[in-house]
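Visitor: How should I read the elements of this fold? Please take me through them one feature at a time.

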Amino acid sequence: MQRPTLNKKVLNILACSLAICLAAGTHPTYADTNPSTDQTSDTPTATKPAKRVSRTLVSPQPAEETAIEFQRRSIVPQAQSTATKALPLTTPRSVLKPLDSETSNSTPRTVVKPLSSETSNSTPRTVAKPLSSETFNGTPRTVVKPLSSKASNSTPRTVVKPLSSETSNSTPRTALKPLSSDKPSSKTRTVFKPLNAEKFDNTSALNASEVELTPITNTVTKLTSPPESTITTTSLTPAPLNRHDKLLASKAQLYIDKNWNQTTGLIDSVQGYTHATMWDVGSSIGAILALEALELSTLEVTNFRLKKMLKTLYNLPLYKDKLPNRQYNTVTGKPSGRLSKSASNGNGWSALDLGRLYIWLAIIVQHKPHLAADVARITDKWQLDEAVHKGTLYGTKLTSKKEYYRQEGRLGYLQYAATGYRLMGLDVDTAFECERLDETEVDDITIKIDPRNLPFLTLDSFLLYTIEFSHDESCWNQLRELYDLHEEQFNTSKKLTAYAEDSLSKAPWFLYNNIYYQGEPWYSVSHSGKPFANSQTFSNKAAFAMSVIFDSEYSRALANQVTTNSIRHRVIPTGLYRNGKTNTAYNINTNSLILVSLWYKTRNRRPIYEP
């Protein structure tokens, strides 16, 4: 079959038509296009062919890229005019870099930082913001289970001198919860009377989430010819807190909030250890009041926490129905430790711990007069005079064989605790006598020492008495000499130190880091007097308390070191070991004393309790 062919005439006509179109500047399939025509219009329009747009290749998205970064990279530039050549997609990208100063237990916290910004490797900027979770680096603590042996209330009591292997100073700090209410003792007892009620000093508001801190270098240069430090004078003008103070306050607040038990109102003595002594309960009261004074807690929250705690204290099962046991469980409010499940409700009381608790009960009455009745119910029920003998303090220690009734407290600890008994109107004048004290020289500075056995000598009691009661010097209060001694040691060793009692993140779990102990300066021992080699040489709570009491270049160096030690931790750690490693036994006494020290600072160094 022959294929059809076009007529030659028809082909000539088509060729002429095409030539006419080309001469007119048109195209059979494209019309003139207005560049401003809306490309999204529903009316179909013809456009000129767009020029080829050059594009730069983008590397594939990594699998772990965050949603925020992917969204920023996925923004497509708006359409450009066909008359303008498209630019390559070379806009600087932002990446997520983890903060150096703070990480959670699971996912690192991150902030968006432009690649073009310059960041110093030595001073990463850190946003101080409490997280919802907490890292605890300390070694898990072992809770001592109560023994099954029972003790009768009729166990004979023996009055003895303090044993060389045991002392109430070393009692691990523990806690409590409301049980069945006991009827108050019918015996008439001295109670606190509200003094001049005073509202808390509401100084500058603390918004820790807005505080930025540049880490301080760990090295401290020698202080050349330091001016003589002075205990700052008091005035009624509130003193502001600096950004480092606010950061420490927010970290301490996190410990209180995280370790407060809503069933009893008690706070764990050490993070992860649900026990507390009466000393720890006193520290807890101080922390709760300080949080309100620093405007980190509301009036309603403070009152709620204190009322719950006071109710628990009233309902505590007492040792032989006389005084609180050495320690209690902070969740249940029941006695803990040896013989805690026996008829005696524990193995005895600590006269020193009770003295500190009574000091803070008196402070509650002064600052919260509406809670005076709650405090009076407790003091009416407890037989505090049982802890006083021959004008000084006596504690009890119950064993499987008999009960020991012995004098408690050495220089510093004894006088501080006895102050609480004086507030209750008890005669403890013998405790304040200084005739029995000896003197010795440490680094050419003369200090007083206690010649009796187990003479623990740390900064703690002198710092607590000064902040809570008075700057006045006395025959026993040698805070000035101890501060000068630490400063002199720094000038000699080029190392900051602060010797105090503290919990440990490893066995033996608690140490007395003594300034002087039985002929040895700067000597750390356990509660039984056993020396410990890699001891703690820098206590954060003691160093910070010194920094708010004294005003000198050295005291400011102490405060800076505490900030440096704490910056990478969610809450304030305990201190530094001799080898420079951090003691991560996060505890109530450290975080409480720093909060109370800040409260004392905002009061312009006026003691917390005002007669």
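Visitor: Which strands does H11 lie across?
Guide: H11 lies across S17 and S19. Its direction runs at about 40° to S17. Contact here means heavy atoms within 4.5 Å. Helices (H or I, at least four residues) and strands (E, at least two) are DSSP runs, numbered from the N terminus. Axes are lines fitted to C-alpha atoms, for helices over the stretch in contact, and angles between N-to-C directions run from 0 to 180 degrees. The model is predicted: local features need pLDDT of at least 70, side-chain atom pairs count only at pLDDT 80 or more, and totals for chains, interfaces and linings use all residues. Residues are numbered from 1 along each chain as its sequence is written, and side-chain values use heavy atoms, with hydrogens and water left out.

Visitor: At what angle does H12 run to S17?
Guide: About 105°. H12 also lies across S17 and S19.

Visitor: How do H11 and H12 pack?
Guide: Two packed helices are described by the angle between their axes and the distance between the axes. Here helix H11 covers residues 540-549 and helix H12 covers residues 553-566. Their angle is about 145°, and the axes lie 8 Å apart. H11 passes H12 in a left-handed crossing, meaning that the near helix is turned anticlockwise from the far one by less than a right angle (clockwise would be right-handed). From H11, the contact uses Asn540, Ala543, Phe544, Met546 and Ser547. H12 answers with Ser555, Leu558, Ala559, Val562, Asn565 and Ser566. Sorted by class, that contact has six nonpolar, five polar and no charged residues. Ala, Val, Leu, Ile, Met, Phe, Trp, Tyr, Cys and Pro count as nonpolar; Asp, Glu, Lys and Arg as charged; the others, Gly among them, as polar.

Visitor: In what order do the strands S17, S19 and S20 stand in their sheet?
Guide: Strands of a sheet pair through backbone hydrogen bonds, either parallel or antiparallel. This open sheet of three strands has the order S17-S19-S20, with antiparallel pairing. Two strands pair if DSSP finds at least two bridges between them. The edges are S17 (536-539) and S20 (582-583), and each pairs on one side only. S19 (residues 575-577) is joined to S20 by two bridges. Gly575 has Asn583 in S20 as its bridge partner.

Visitor: Which are the edge strands of the sheet with S14?
Guide: S14 and S16 (520-525). This is another open sheet of three strands, ordered S14-S15-S16 with antiparallel pairing. The twist averages 15° from one strand to the next. S15 (residues 510-517) and S16 pair over five bridges. Tyr516 stands opposite Pro521 in S16. Look also at the loop between S14 and S15, where Pro508 lies. The peptide bond from Ala507 to Pro508 is cis, with omega near 10°.

Visitor: How many residues lie between S12 and S13 in their hairpin?
Guide: Two. Asp443, in the turn, has a positive phi of about 55°. S12 (residues 438-442) and S13 (residues 445-449) run antiparallel, joined by five bridges. Glu441 stands opposite Thr446 in S13.

Visitor: Where is Lys320?
Guide: In the loop between helix H5 (299-314) and strand S8 (327-329). Lys320 has phi near 50°, a positive value in a residue other than glycine.

Visitor: How many cavities of 30 Å³ or more does the structure hold?
Guide: Three. Rolling a probe the size of a water molecule over the atoms shows where empty space is left. A cavity is a set of points, on a 1 Å grid over the protein atoms alone, where a 1.4 Å probe fits but cannot get out; lining residues have an atom within 4 Å of a point. Points are joined across faces, edges and corners, and a volume is the space filled by probe spheres set on them. The largest cavity has about 150 Å³ of space. Its lining has 18 residues, with Trp279, Ser283, Asp460, Lys541 and Asn589 nearest its centre. By class, the lining has six nonpolar, five polar and seven charged residues.

Methods. On a 1 Å grid over the protein atoms alone, a cavity is a set of points where a 1.4 Å probe fits but cannot get out, and a pocket is an open set with protein on both sides within 12 Å along at least five of seven lines; lining residues have an atom within 4 Å of a point.
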